[in-house]
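Dear colleague,

I am passing on the structure we spoke about, with the sequence alongside, so that you can follow the notes below with both in view. Please read them next to the model.

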Amino acid sequence: MAVNLVNVESVSKVYGTRALLDGVSLGVSEGDRIGVVGRNGDGKTTLIRMLAKLEEADTGRVTHSGGLHLGVLTQHDSLDPTATVRHEVIRDLADHEWAGNAKIRDVLTGLFGGLDLPGFPQGLDTVIGPLSGGERRRIALAKLLIEEQDLIILDEPTNHLDVEGIAWLAQHLRERRSALVCVTHDRWFLDQVSTRMWDVQKGAVYEYEGGYSDYVFARAERERIAATEEVKRQNLVRKELAWLRRGAPARTSKPRFRVEAANELIADVPPPRDKSELMKFASSRLGRTVFDLEDVTVQAGPKVLLKHLTWHLGPGDRVGLVGVNGAGKTSLLRALAEAARSEGEKQPAAGRIVTGKTVKLAYLSQEVAELDPNWRVLQAVQAVRDRVDLGKGREMTAGQLCETFGFNKEKQWTPVGDLSGGERRRLQLLRLLMDEPNVLFLDEPTNDLDIETLTQLEDLLDGWPGSMVVISHDRFFIERTTDNVFALLGDGTLRMLPRGIDEYLERRRKMEEVAAAAVLASVPAATKSASAADTRAAKKELQKIERQLDKISEKETKLHTQIADNATDFERVAKLDAELRELAGEREDLELRWLELAEDA
């Protein structure tokens, strides 16, 4: 029987006049892998902070099992800004100790792309203070994952990770023995790591068996039976379930009768998008040309990111753009946006971009546009226009669209200056759509959005008639809203991937293997033969040095004990201290030799 690690009994938490949690009771046992979902502001973070005893409950109690080893990733790290990455992540481990640890190597490579931390100015010796929030967050995550815990609690661990980093993290967590509680809006990630779900809603926590896909089915079924939610929301849940069952590979882990029940539940739900109808409507709004790129070179400063690029973005094309960090995804969108704004007068470093005459572009960048903080939410939307035509006879007022994006009637009168980061992001996207564009560029649109808002955005985009390019690390969102995936693989080219993101990850692995093989192939045969013998000799000497270092550690421990026992005998302490310094010198020489041999081995 699994040991209970954390117990939550009748816990309540009130902020102001609002009850975030009301009489919640639940538990976490060994082997549990729990995904936590719910709207922003409904109490997900409060719940896991109370689980970790970082926050006190108003009533009820939280108990931990004796000797519980707990690891927590919060949204605000506690890293020392004056320390280096080495000090925070690896602590006082000698180079030969951490470099010889497969787990540490795996974490550093998975989160940073290499043991030398490419992208950090001084690698492991980079001081943390000047680093960005995303870089600090990866450091905090690496520090946590290198240690062993009984339970790991993670709050939005996929933020600031690229597609490869998220895929690595999912595999790493599946292979760990630790129990897991994870808050995230990344639905693909939830399906990969979760075997149970907690849905935080209006002060209560609803529990579901299975991953995210199973949760969508169970919630749709619960709402159908209880009939407690409005029809619109029921339809949204069923629409998402329909996409999970039909559009993407079936992810449910439930028995056949559950699969059949899910199919019956969505029998009358049409496909998410009528592609041919949308293409026809988009062509009538855009004509034949949207963007045509001919032999284009894209640069960021002096750095060439893309060269000899010929590409056609047509009317109604819905494209997901993925790629390694720094490959040029955002730079490509900026080049297209500049060409559109200047009506073709501003061109890239080389080649030509032809922009359609009827193109009306809306570009959601990663930076949240500043708005008058004294404006009310509804005013900010109405400043663009009062009504919006969504195509196919669908029309919405500014107030209706606000409600779709989670701004209820009361929230619509909130000053913009009082909104959270996620709410400002929603407002920025809302204003863009209100301007009735026919081309959308979305650069990381899912940042700070909860799953319910993402579902509503996806539903809105389903019937949106125009061309769209999405850059996102959220696999679920890309697969859900786009029809084709293109990749920038860091080699200056843009490639279409018929099998989507799975193909992208396969290609990246092959590229790394080819690069490693090329390095090996460049070594002459005679050198390889000689180096094989050298490698064997180096490994033998490494093992010998490691045994010597272990003996030195034992001697140092004994000397420290003797110094403590003879603290009042100054002559004896001086002699022991001299021996200690001599051992430290030996250790330093051996560690330097270990590093030299490690390169050969």
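**The chain as a whole**

Of the 601 residues in the chain, 50% count as buried; please keep in mind throughout that this is a predicted model. The chain is built with 20 helices and 20 strands, and it exposes about 29,100 Å², of which carbon and sulfur atoms supply 49%. Taking the contacts between residues at least 6 apart in sequence, 69% join residues that are at least 24 apart.

**Helix α4 and its two partners**

Two packed helices are described by the angle between their axes and by the distance between those axes. Helix α4, residues 102–112, packs with helix α5, residues 133–146, at an angle of about 160°, and their axes are 10 Å apart. Because an angle over 145 degrees counts as roughly antiparallel, α4 is roughly antiparallel to α5. The crossing in which α4 passes α5 is right-handed. On the α4 side the contact is made by K103, I104, V107, L111 and F112, and on the α5 side by R138, I139, L141, A142, L145 and I146. Sorted by class, this contact of α4 with α5 has 9 nonpolar residues, 2 charged ones and no polar ones.

Helix α4 also packs with helix α6, residues 163–175, here at an angle of about 150° and with the axes 8 Å apart; α4 and α6 are therefore roughly antiparallel to each other as well. The residues that make this contact are D106, V107, G110 and L111 of α4, together with G165, W168 and H172 of α6. By class, the contact of α4 with α6 divides into 3 nonpolar, 3 polar and 1 charged residue.

**Two residues with positive phi**

Most residues other than glycine have a negative phi. Against that background, S10 has a phi near 50°, a positive value in a residue other than glycine. S10 is placed in strand β1, residues 4–15, and with a relative accessible area of 43% it is partly exposed.

The other case is E444, which has a positive phi of about 55° although it is not a glycine. E444 is found in the loop between β17 (439–443) and α16 (451–462), and at 12% relative accessibility E444 counts as buried.

**Buried residues and what they touch**

The loop between β17 and α16 also holds T446, which is buried, with a relative accessible area of 0%. Leaving out residues up to four places away in sequence, T446 touches H185, L454, S472, D474 and F477.

In strand β2, residues 18–29, lies L21, which is buried at a relative accessible area of 0%. From C-alpha to C-alpha, L21 and T46 are 8.4 Å apart in space, while 25 residues separate them in sequence. T46 is also one of the residues that L21 touches, and, not counting residues up to four places away in sequence, the others are V11, S12, K13, G43, L47, M50, V200, G203 and V205.

Strand β7, residues 179–183, contains A179, which is buried, with a relative accessible area of 1%. A179 and I152 are 27 residues apart in sequence, and their C-alpha atoms are 6.2 Å apart in space. Once residues up to four places away in sequence are set aside, A179 touches L5, V28, S29, G31, D32, D150, L151 and I152.

Finally, L401 is placed in helix α14, residues 398–404, and at 0% relative accessibility L401 counts as buried. The C-alpha atoms of L401 and L378, which lie 23 residues apart along the chain, are separated by 9.8 Å. Apart from its neighbours within four places in sequence, L401 is in contact with V388, M396, L430, M434 and L460.

Key. Residues are numbered from 1 along each chain as its sequence is written. This is a predicted model: local features need pLDDT of at least 70, side-chain atom pairs count only at pLDDT 80 or more; totals for chains, interfaces and linings use all residues. Side-chain values use heavy atoms; hydrogens and water are left out. Axes are lines fitted to C-alpha atoms, for helices over the stretch in contact, and angles run from 0 to 180 degrees between N-to-C directions. Helices (H or I, at least four residues) and strands (E, at least two) are DSSP runs, numbered from the N terminus. Angles under 35 degrees count as roughly parallel, over 145 as roughly antiparallel, 65 to 115 as roughly perpendicular and the rest as oblique. A crossing is left-handed if the near helix is turned anticlockwise from the far one by less than a right angle, and right-handed if clockwise. Contact means heavy atoms within 4.5 Å. Ala, Val, Leu, Ile, Met, Phe, Trp, Tyr, Cys and Pro count as nonpolar, Asp, Glu, Lys and Arg as charged, and the others, Gly among them, as polar. Buried means under 20% relative accessible area, exposed over 50%, partly exposed in between (1.4 Å probe, protein chains only). Accessible areas come from the Shrake-Rupley method with a 1.4 Å probe; for residues, only the protein chains shown count as cover.
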